[in-house]
Amino acid sequence: MSEKQPTAAASGVNRAKMYQLVLFPMNNGATNVYFVLVLSYVAQFGSSVLQLGMFASIMVTVMRVADAITDPIIGALMDRTSTRIGKFRPFMIIGSAIMAVSVIALYVLLPFIPETMMPLRYIGFVVVYFIWVIGYTFQTSCTRAGQTVLTNDPNQRPMFTIFNTIGSMLGMGLMQLLIPTIKNMYNVYDDAGNLVTSGYARPELYRIIAPVGIAVSVFLTILAIIGIAGKDRPEYYGIGGDKQEKVKMSEYWEIIKNNKPMQRLMVAGAGCKLALAIATNTTVLLALYGIMMGNYDSLYLPMMILGYVCAVPFFLLSVRTSQKQGQKASLTRYVSVAFVCYLVVFVLLVICDHTAGSGLTLSFPYNGGGAINLYTILFIIFFGVGYGAYYATADMPIPMVADCSDYETYRSGKYIPGIMGTLFSLVDKLVSSLAQTLVALIFLICAGLAELPDDSTAYSGGIKVAVIVMFCVIPLLAWAATLWAMHGYSLTGAKMKEIQAINAVRKDAVAQGMTLDEAMEKYQTIDQVPEQFKQGV
C-alpha cells in the first residue's frame, strides 16, 4: 500500500474551493435571521401582542428543554441519511421550509385569534413554536455537521469562522438594523409627543418583518446549498466513505461519554452563546440605551455599528491565531480580552448617572443626543474592544465541532457529524432560550416588572441593576466557564494535525481494500504514518 501515491479523496486531503468556503457558512446566516426574528422578539410579541404575559418567555425555555429529545433523533437521522442530493442538503431545504411556514403562522395568523378565545392563543403559540424549533434544528445542525465534508485542511477550517460571521452579519445584522427602524414607524405618540404605545406592541410590525426575514433566510439558504453541493457526496463521509457502517442508536451514549473534547466544547459553546444572547438581547439593549442612558434612538445604531467595526480586526486576528496555534488558543486568547474589557464596562455602568448634565452617561451629537464626554470615550474604547473580541469568538466553537467530529472518527472510526452537530445545536438552543427566561426573570426580580419593559417604561434603580447583571455580570460568568472548559480541551493545533494525518492514512488503506477495523488497528500513532500523509505535522 505504501508504494502507491494516495489520491486526494482517499488520502483525506480535502480542501474547499474559495466559493465553497464563502457560500456554505451562509447557512448560519440563514438561521441567524430567525435567531433575531424569533428568539429576540418572540417573548416581546407573546407578552405585548398576544397578551400572554411571562408565559411566552417561560415557554421558550420549556420548548427548548423538550427539544433535548428531538435533537439527538434528528442527528441520528442525519447520520443515517444518504439521498440523491446528499446527506445535508435535504435537511437544509426541509428546515428552511418548516421555519418559514411556522413564522408566518406565529406572527401573522395567531394575532387574528380573538381575545375571547385566549386558550386557543396559548395552544397555538405552543404548537407553532414547537414546529418552528424542529425546523431550526434541521437547518442549524447542518452548519456544524456539514463542515466535516467541506474541508479538513487546518489552514482552511479556521477561515470558516470569518465567512460564518459574515453570513451571520448578513442575516442577524440586517434584521437587527431593520426591525428597530421599522418599529419606529409604528410607535404611537400622544399630542405632547410622549410615546404611548411602542411599535413592538403592534401586530402590524410583525406582519412586515416576518416575510422580510423569511425572504432573507431563503436567499442565504440557497447560497449555502450551492456552496456545499460539490462536497455533499459519499466519498467525503469519514474514513469509510460510501462503505461507512451506520451507527446504531445504542452506540451513541458510549460515543458521547468518551468524547471528552466535545463535552468541554459544549461548555465553552454554551458560555459564548449565553454571553452573546444576553448582552445583545433586544429588551436589554432597549433598557440600557433607552431607559438607563435616556436616548435609545441616538445610541442604539452608533453602538451597534461600533461593535461590528471593532469586530473586524479581531476576526482577522482570530483566524491567524487559529492557523498558527490552533482554534483552542485563539478562542482562549480573545475571550480573555473580552473578559478584561467587560470588567471595565461593568465599572462604567455602576457609576452611570442618567441625570441630565451629569457627564456620567453615553452622549452622541446625533438625533437629539448631547456632546461626547470622557465617559463616552472610555465606554467606546472598552465596549468596542470587548465587543469586538467576544463577537469574533461567539461562533468560533462552530468550526471546532468539526474537529471534535474528526476526533471521534480518529478515536472510534465512526463518522457521526449529525449527532455532533445536534448535540451542539441543543446547547445553542437551550442557552438562547434560557436567555429569554433570564431576561424576564431578572427584570421581575430586580425591577419588579411583570412584563418586559419597552421604551416608554420609566427609569428606576432596579432597571439599572437588571441591565448591569445582564449586560456585564452574566457574560463575565459565561466567559469564565468558557476559559475553564478550554483549559482542559485536548485538541490543540498540533494534535489536530496528527489526527488528520492518521485519519488520512486509514482512509487511503480502506480505499485500497483494507477493512476499517484493520486500518484502525494498523495505524494508531503518528510514527506509523507514511511521510506523504504528514502534511504540516
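Colleague: At what angle do H14 and H16 pack?
Modeller: In this predicted model, helix H14 (residues 327–350) and helix H16 (residues 397–412) pack at about 150 degrees, with their axes 10 Å apart. Axes are lines fitted to C-alpha atoms over the stretch in contact, and angles run from 0 to 180 degrees between N-to-C directions. H14 and H16 are therefore roughly antiparallel, a label for angles over 145 degrees.

Colleague: Which residues make the contact?
Modeller: Gln327, Lys328 and Leu331 of H14 meet Pro397, Pro399, Met400 and Asp403 of H16, where contact means heavy atoms within 4.5 Å. They divide into four nonpolar, one polar and two charged. Ala, Val, Leu, Ile, Met, Phe, Trp, Tyr, Cys and Pro count as nonpolar, Asp, Glu, Lys and Arg as charged, and the others, Gly among them, as polar.

Colleague: What about H11 and H18, how do their axes cross?
Modeller: The axes of H11 (residues 260–279) and H18 (residues 461–487) come within 8 Å and cross at roughly 165 degrees. That makes H11 roughly antiparallel to H18. By class, their contact has 18 nonpolar, two polar and one charged residues.

Colleague: Switching to H15, what span does it reach?
Modeller: H15 (residues 374–394) has 21 residues and reaches 29 Å from first C-alpha to last, close to the 30 Å expected at 1.5 Å a residue, taken as 1.5 Å times one less than the number of residues.

Colleague: Which residue caps its N-terminal end?
Modeller: Asn373 does, with a side-chain oxygen 3.3 Å from the backbone nitrogen of Tyr375.

How values were computed: Residues numbered from 1 in each chain as written. Predicted model: local features only at pLDDT ≥ 70, side-chain atom pairs only at ≥ 80, totals over all residues. Heavy atoms only, no water. Helix = DSSP H or I, 4+ residues; strand = E, 2+ residues; numbered from the N terminus. Polar contact = N/O pair within 3.5 Å; in protein donor to acceptor, adjacent residues only side chain to side chain. Parallel < 35°, antiparallel > 145°, perpendicular 65-115°, else oblique.
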